[in-house]
Amino acid sequence: MSVPLHFQTVAELSAQLASGKISSCELTRAVLARTRVIEPQVHAFNSFDEADSLAQAAASDARRTTGRSLGPLDGIPVGLKDVISVAGQPLTASSKMLANFVSPYDATVTEKLKAAGAVLHGRLNCDEFAMGSSTENSAFGPAHNPWDLTRTPGGSSGGSAAALASGSAIATLGSDTGGSIRQPAAFCGLVGLKPTYGLVSRYGLIAYASSLDQIGPFARTVEDAAIMLGIIAGHDPRDSTSFKTQVPDYRAEIKTRRGPWKLGVPKEYFGAGLDPEVGAAVEKAVGFYKSQGCEIREVSLPHTQYCLDTYYIIATAEASSNLARYDGIRYGHRSKEAKDVLDVYQKSRAEGFGDEVKRRIILGTYVLSSGYYDAFYLRAQKVRTLIRRDFLNAYREVDALITPTSPIPAFKLGEKSADPLAMYLCDVYTIGVNLAGLPALSLPCGFTAGGLPIGLQLIGQPFREADLLAVAQAYEEAHEWKLKYPAL
Amino acid sequence: MAPPSDLNIDRVAELARLALTDEEKIRFAAQLGSVLVHIEQLAKVDVTGIEPTAHAFALSNVWAEDVAQPGLAVADALRNAPAQRNNMIVVPKVVD
């Protein structure tokens, strides 16, 4: 049985576009038709603009017929998390605060995708201001997991994962502050890559925690993730934390870089709280690498138990500062009840923000407030140094680390939404990577007996995404998880 | 539910410019109380002589050529304003 267009990969579809077997208009119409059927069940999108997508597809076909094709992404429908600006399109961050906001300019990643000819298709649902692990914090209602509609697709980039897994896009972008690309990729059976901090420009990304945020791709295969990363990576003078580094041809590199590698298994990532089925699948993946001649070493990241606390101090502190800009004055929601200026601030923010955003603003304001700064924020920044040092010490012995992405598979919608701490504990294996600024990806490594995808996390060294992707590629090409699709 | 360490929710909400309802104050204080108890673990870490990390890579003083770049046009900048008149944003009276 042939695979329908909407479930094919960027690599496969770009070859068919190049040979003239299909047109971008045909492909885009197929994806739009799929989106219309699936969307009422999955709710992966906050909005999409069919006429705009078809116009982009027609422009791509016109380029191709005159021999001016822009490369492997030309004519491919790509969805963007609704925190990434696309000029003239809505940008809501899944918040009532920005319900009517229209982007005045393109994000740098948007410019790069446009320059590569991608058909930008829709703005994808997420937790409000990217704060959450289940997409239940969206002001416009949660997204659903295509593998089991009663469960979460993960978060915060849950819509990016759900759209791709259900065939409503061919690749998507998300953002990852504490695991928000990798955890939804794990929950939805996809490849999700968080690049090294500074590799991809944050210009035009709605800020949550600026020292941790990174944009990255969701893809069906490691090769597709490599194609996407090659397009969005690179120095940008408009982001002062953007790093000046060479961007290799990741797609070519993953075909030439071969192991065996030295892989580290951090013992702290296999303790209490790890679901036995997830643990078994990850152990099996470790066994695969061993069978390929890789040297497997147990390593220790001794400050792992402090990652969660450090993260929730630093991330909320930065969030409370970043979200101060939503004051009801220049843009965003303004309360109709407000009588004076202070009232505009306090009531607009009270009406515009949802519970989790309010909680994080309060926590962040508290840890930065006079008398608590040293005990919480400054101390957390010092512990961050120790956490980062743990990883760099491990990399003296090994090339990459191998862990579960999430301690559990996708959980039921509503299961954790009343208990913020239980929700935060879902991020326990992903947040250390953001604190240390490292690249990491999640790729499928099996299914539970109940049919839910399981994710394997590979953590690499700074700016060595080519090696990280090559390690992932070696696993992927020996397994067939990528050939499974949800039965929607 | 553990007691909030000493989170004065009224004071913090005022600092954060958030008008919270009484119900929200009670609920958030309880939820954040259990988060704070968890976070207080950090007091156990020996951080003597450790420098803080503001972000992962030591970038500082990023310079750019002093060349004017086009900014947003007025119409684009005002497009999302909640209230505007004569190319200006309208706000409530600030001084009497």
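The model is predicted: local features need pLDDT of at least 70, side-chain atom pairs count only at pLDDT 80 or more, and totals for chains, interfaces and linings use all residues. Residues are numbered from 1 along each chain as its sequence is written, while chains are lettered from A and ligands numbered from 1 in the order in which they are written. Helices (H or I, at least four residues) and strands (E, at least two) are DSSP runs, numbered from the N terminus.

**Chain B overall**

- Chain B holds 3 helices and 2 strands, and along the sequence the pattern reads α-α-α-β-β.
- The radius of gyration of chain B, 23 Å, is well over the 12 Å that the globule rule gives for 96 residues, so chain B is more spread out than a compact globule. The radius is taken over C-alpha atoms, and the globule rule is 2.2 Å times the number of residues to the power 0.38.
- The C-alpha trace of chain B spans about 55 × 45 × 25 Å along its principal axes.
- Of the 96 residues in chain B, 16% are buried. A residue is buried if 20 or more other C-beta atoms lie within 10 Å of its own, exposed if 12 or fewer, and partly exposed in between, with C-beta atoms placed from the backbone.

**Contact between the chains**

- On the chain B side 42 residues are in contact with 53 residues of chain A; two residues are in contact if their C-beta atoms, placed from the backbone, lie within 7 Å.
- Helix 1 (9–15), helix 2 (22–39) and helix 3 (74–78) of chain B are the elements that give two or more residues to the side that touches chain A. Helix 2 of chain B gives the most, with 7 residues.
- The chain B side that touches chain A divides into 31 nonpolar, 7 polar and 4 charged residues. Here Ala, Val, Leu, Ile, Met, Phe, Trp, Tyr, Cys and Pro count as nonpolar, Asp, Glu, Lys and Arg as charged, and the others, Gly among them, as polar.
- Arg79(B) sits in the loop between helix 3 and strand 1 (84–85) of chain B. Not counting residues up to four places away in sequence, Arg79(B) touches Val102(A) and Pro104(A).
- Arg79(B) is partly exposed, with 16 other C-beta atoms within 10 Å.

- Chain A has an open sheet of 11 strands in the order 1-3-2-4-6-5-10-11-9-7-8, with mixed pairing. Two strands pair if DSSP finds at least two bridges between them.
- Strand 1 (45–47) and strand 8 (295–299) of chain A are the edge strands, each pairing on one side only.
- Strand 2 (residues 77–81) of chain A is mostly covered, with 5 of its 5 residues buried.
- In a regular strand the side chains alternate between the two faces of the sheet. From strand 2 of chain A, Pro77(A), Gly79(A) and Lys81(A) point one way and Val78(A) and Leu80(A) the other way.
- Strand 2 and strand 3 (residues 119–124) of chain A run parallel and are joined by 4 bridges. Val78(A) stands opposite Leu120(A) in strand 3 of chain A.

**Helix pair in chain A**

- The axes of helix 7 (residues 222–232) and helix 16 (residues 465–476) of chain A come within 9 Å and cross at roughly 160°. Helix 7 of chain A is therefore roughly antiparallel to helix 16 of chain A.
- Axes are lines fitted to C-alpha atoms, for helices over the stretch in contact, and angles run from 0 to 180 degrees between N-to-C directions. Angles under 35 degrees count as roughly parallel, over 145 as roughly antiparallel, 65 to 115 as roughly perpendicular and the rest as oblique.
- Contact residues include Val222(A) and Leu229(A) of helix 7 and Leu469(A) and Ala472(A) of helix 16 of chain A.

**Backbone details**

- The peptide bond from Gly155(A) to Ser156(A) is cis, with omega near 10°. Ser156(A) is in the loop between strand 3 and helix 5 (158–165) of chain A.
- Gly259(A) and Pro260(A) are also joined by a cis peptide bond, with omega about 0°.
- Ala93(A), not a glycine, has a positive phi of about 55°, and with 31 C-beta neighbours inside 10 Å it counts as buried.
- Asn87(B) has a positive phi near 60° and is exposed, with 9 other C-beta atoms within 10 Å.
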